[in-house]
Amino acid sequence: MTSQPITVLGECVADAFTDPGPAAGPGGLSLRVLPGGGPANTAVALARLGTPARFVGRLSGDVFGTLFRERLAASGVDLTQCVTAPEPSTLAVADLDVHGRATYSFFAEGAADWQWTAAELAAVEPAGTVCVHTGSLALVRAPGGRRVEEFLAVARRYATVCVDPNVRPLLVEPAVYRERMDHWCALADILRLSEDDLGALLPGVAPEDACDTWHAAGARLVVVTRGPRGALVSLDGERLTVPAPPADVVDTVGAGDAFTAGLLHALAGLGRLGGRLDGLTLDETAACCAYAALVAARTCAVPGADPPWGDELPRPPE
């Protein structure tokens, strides 16, 4: 396993799950709050799997910001590049259906995560990391989204770039994501997205055709995760489907983030990160995605975004 870190840039979100139990009182509703946010979840999973992970985020000084710091640090994530922000944390209220899928309501206006300044990101040194992963709301919400794009343009001189759009139509119109996708693919070596993301970004377009569109825009590796139907893997237009392992699903919160972490962890172990995926084969990619699917399945088996530790899993491909 590489000793060089993977840098994850993005948001932390307080995931509040509705709990209409007795603690709520008559006519009330209690909330169970867990630390989340796609990029933060990915950083936690990477560190737990054994890859040195550095999280770059704007963490509020409020009670949720303290919760985020404790969770990231307890998993072994390096927080030295984080900014202590005066703005409040982002809150997402998640309502789970009978299949464990979450529907979110967001409270994010004026939150810390999106307020990146040019000076703050200029202070982050991208050299010395093999990969920079970002995406989700931090990449698309103003005012910080364009500054994150500028950071990626510099970081890709030194590192592989991975992007997860993680479309959130309640906060940002899908058209805004569509407008930026070609630019993100030009910056990214790896594009990891869900089937729901694909439907929002290119409605009515077959997954294989979508992969070709994003390859043409610049992304070498496109992975579309499809829940229990596995993942479609496309490397420079060569494709295969990786099956999903059996899973006892409690909820799917953080499953995609865990998949991304498993994929990057396995690619790092093969020495394929640090550039433009030089030498990566389709067979290697399939093995890495199979490992990633296992990490995601283990995450689905417990409540919230609580990915497994490396010693709880088989070794990644070598």
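1. A quick term before we start: on a 1 Å grid over the protein atoms alone, a pocket is an open set of points where a 1.4 Å probe fits, with protein on both sides within 12 Å along at least five of seven lines, and its lining residues have an atom within 4 Å of a point. Grid points are joined across faces, edges and corners, and a volume is the space filled by probe spheres set on the points.

2. Keep in mind that this is a predicted model, where local features need pLDDT of at least 70, side-chain atom pairs count only at pLDDT 80 or more, and totals for chains, interfaces and linings use all residues. Residues are numbered from 1 along each chain as its sequence is written, and side-chain values use heavy atoms, with hydrogens and water left out.

3. Now the largest pocket, which holds about 1400 Å³ of space. Its lining has 49 residues, and Ser-194, Asp-196, Thr-252, Ala-255 and Gly-256 lie nearest the centre.

4. Ser-194 is worth a look. This residue sits in strand β11 (190–194); strands are DSSP runs of E, at least two residues, and helices are runs of H or I, at least four, numbered from the N terminus. The Ser-194 side chain reaches the backbone nitrogen of Asp-197 at 3.0 Å, a polar contact (a pair of N or O atoms within 3.5 Å, where one must be able to donate a hydrogen and the other to accept it, and residues adjacent in sequence count only if both atoms are side-chain atoms).

5. On to the largest nonpolar core: of its 51 residues, Phe-55, Ile-190 and Leu-273 touch the most other members. Such a core is a set of buried Ala, Val, Leu, Ile, Met, Phe, Trp, Tyr and Cys residues joined through side-chain atoms within 4.5 Å; buried means under 20% relative accessible area, exposed over 50%, partly exposed in between (1.4 Å probe, protein chains only). Helix α10 gives the largest share, 10 residues.

6. Most residues other than glycine have a negative phi. Asn-166, though not a glycine, has a positive phi of about 45°; Asn-166 is in the loop between β10 (160–164) and α6 (174–187) and counts as buried because its relative accessibility is 13%. Leu-277 has phi near 60°, sits in the loop between α9 and α10, and is buried at 0% relative accessibility.
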